[in-house]
Amino acid sequence: MDYGQTKPARSGPERLRAVCGRIKNLIEAEGTPALAFLDTYGCQQNEADSDILRGLIGEMGYSFTDDENKADLIVINTCAVREHAQMRILGNVGALTHAKKQNPRLIVALCGCMVRQEHMIEKVKRSYRVVDIVFGMHEMSKFPELLEQFLLTGKRIFARSPEEGEIEENLPVLREGKIKARIPVMYGCNNFCSYCVVPFVRGRERSRDAALITDEARSLVENGCKDIMLLGQNVNSYGLDRGAGTDFSDLIAGINEIPGEFLIRFMTSHPKDATEKLFSVMAASEKCARHIHLPVQSGNDRVLRAMNRGYTGEEYADLAEKARRLMPDLVLTTDVIVGFPGETDREFEDTLELVKKVEFDAMFTFIFSKREGTPAACMDDPVTRSEKQARFDRLLEVQNVISEKKHAACIGKTVKVLIDGETKNSEYNLSSRTNGGRLVHLRGNLAPGGFVNAEITGAATWALFGEVSRR
């Protein structure tokens, strides 16, 4: 396990190793292997957090299982962005009561964004006695200490620091697979979009050191990684809190200089901070994927102001045009929220018109989900759920036509793809991605992990189909 890929261990990591060692000794003293099950909900940032959690769990002597019924430790990394996700999480947590009856030594830990909310902590305390340990991601490095404390006392633990604290660089990381990797470049968000709980659960923006990020990327490439995803709630704000003169564009340019064949991806970009410099650096960096996820959320200016997004629909469309002018092969994807409080039929039509004008390659659409503690949660919302669903369906119809048209235009072309996995489909047995992130199901007898040319023979709304080129 790798503690801090670039710096020598400090007192914090030394203490962490000691705690992990003591837990490992306790497990070995029992004479039977201890198994852990890690369940992750939410965004790519949560997945990156789970890479660290996986590293910590491994350091403590646990092996991993995909069957929660065989686990002695279950860690659930939660999401707070939408109500549906929270209800799923709580439903799954409640069902663990049966697993605990079957295995009395089972320990259940709940962490992540959901439990950074006081009302959710109280709900877990009162109604979910199956949960033994609760901690936010700001306490992630303390997880071994919390687990040791529970093993010694048997008392439930609820740990939540009111402060974000400093970024800890010397934590173990255990990623699933070597072809792709996620690298967080910053944590938190300063934007306070009126519908979003992220600034409240993730805290203010905190950027990692550029040299450490670049060194981590270099180490990954040297170990065979072909696809690196740089992560932040708003990567375009990278470096502003440090005042070091290195912005996100500079970071991409630096990683692009690393020797080897690999792709640089990133998410997410905020339109109000996306600059022509970013697009120019992307265009000039041969390893930077020609894909940008740029959430628009709405096409109506009043709704955008109510969302506190900081741009107009016209400004967004101009931004998209600039990006495509510099990168004609750009794949542009977005997010849209349908049914924001107070959104009228006419305002929704503005969103449809923007979607038709910009012609996104793909879109992730969501019906507004009220989040306690956000300004939007207190806004008047007279539109019924069925009306919102009707709008949602119309938006999908418009986008599906655009996506199908764009994918159909790829048929007959030969494109370079990275084979990143295998499928369970006997006809198209390989999964791959284009430079722009389009999913391509392939026929072929190659092992994942390499770049190949693929002849596109078919298309659907969300994927392309093809075979490895023989030319």
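I number residues from 1 along each chain as its sequence is written, and side-chain values use heavy atoms, with hydrogens and water left out. As the model is predicted, I take local features only at pLDDT of at least 70 and side-chain atom pairs only at pLDDT 80 or more, while totals for chains, interfaces and linings use all residues.

**Aromatic pairs.** I describe a pair of aromatic rings by the distance of the centres and the angle of the planes. Rings of Phe, Tyr and Trp (its six-membered ring) pair if their centres lie within 6.5 Å; planes under 30 degrees apart are stacked, over 60 edge-to-face, and the rest tilted. I get nine aromatic pairs by this rule. For F364 and W462 I read 6.0 Å between ring centres and 50 degrees between planes, so this pair is tilted. F364 is in strand β16 (residues 362-367) and W462 is in the loop between β20 (451-459) and β21 (464-468), so the pair ties together parts 98 residues apart in sequence. For accessibility I use relative accessible area: buried is under 20%, exposed is over 50%, and partly exposed is in between (1.4 Å probe, protein chains only). F364 is partly exposed at 39%, and W462 is partly exposed at 49%. I also note a cluster of Y195, F340 and F368, linked by ring pairs.

**Charges over rings.** My criterion is NZ of Lys or CZ of Arg within 6 Å of the ring centre and within 35 degrees of the ring normal. The charged end of K125 sits over the ring of F158, 5.2 Å from the centre. I find K416 with its charged end over the ring of F451, also 5.2 Å from the centre.

**Cores.** In soluble globular proteins, nonpolar side chains tend to be buried together. I define a nonpolar core as a set of buried Ala, Val, Leu, Ile, Met, Phe, Trp, Tyr and Cys residues joined through side-chain atoms within 4.5 Å. The largest core has 66 residues, and L230, F248 and F266 touch the most other members. For F248 I list V185, L230, V235, N236, Y238, F266 and L278 as touched, leaving out residues up to four places away in sequence. A second, separate core has 31 residues, among them A36, Y62, L73 and A159.

**Cysteines.** I searched the whole structure for disulfides (two cysteine sulfur atoms within 2.5 Å) and found zero. C196 is in no disulfide, and its nearest cysteine sulfur, that of C193, is 6.1 Å away. C288 is in no disulfide either, with the sulfur of C225 nearest at 14 Å. C288 is buried at 0% relative accessibility.

**Y195.** This residue is in the loop between β10 (186-187) and α6 (198-202) and is buried at 11%. I checked contacts (heavy atoms within 4.5 Å) beyond four places in sequence and found Q297, M307, R309, I337, F340, F368, R371, T374 and A376. A polar contact is a pair of N or O atoms within 3.5 Å; within protein, one must be able to donate a hydrogen and the other to accept it, and residues adjacent in sequence count only if both atoms are side-chain atoms. The Y195 side chain makes polar contacts with the side chains of Q297 at 3.4 Å and R309 at 3.3 Å. I read 10.0 Å between the C-alpha atoms of Y195 and M379, which are 184 residues apart along the chain.

**N234.** I place N234 in the loop between β12 (227-231) and α8 (248-256); N234 is buried at 0%. Its side chain makes polar contacts with the side chains of S237 at 2.7 Å and D273 at 2.8 Å. Beyond four places in sequence, the contacts of N234 include M186, N191, E205 and H270.

**Q86.** Helix α3 (residues 83-102) holds Q86, which is buried at 6%. Outside four places in sequence, I list C79, A80, M114, Q117, M120 and R371 as contacts of Q86.

**T434.** T434 lies in strand β18 (residues 430-434) and is buried at 9%. Beyond four places in sequence, T434 is in contact with R265, V415, K416, V417 and V440. The C-alpha atoms of T434 and T384, 50 residues apart along the chain, are 40 Å apart.

Definitions and conventions:
Helices (H or I, at least four residues) and strands (E, at least two) are DSSP runs, numbered from the N terminus.
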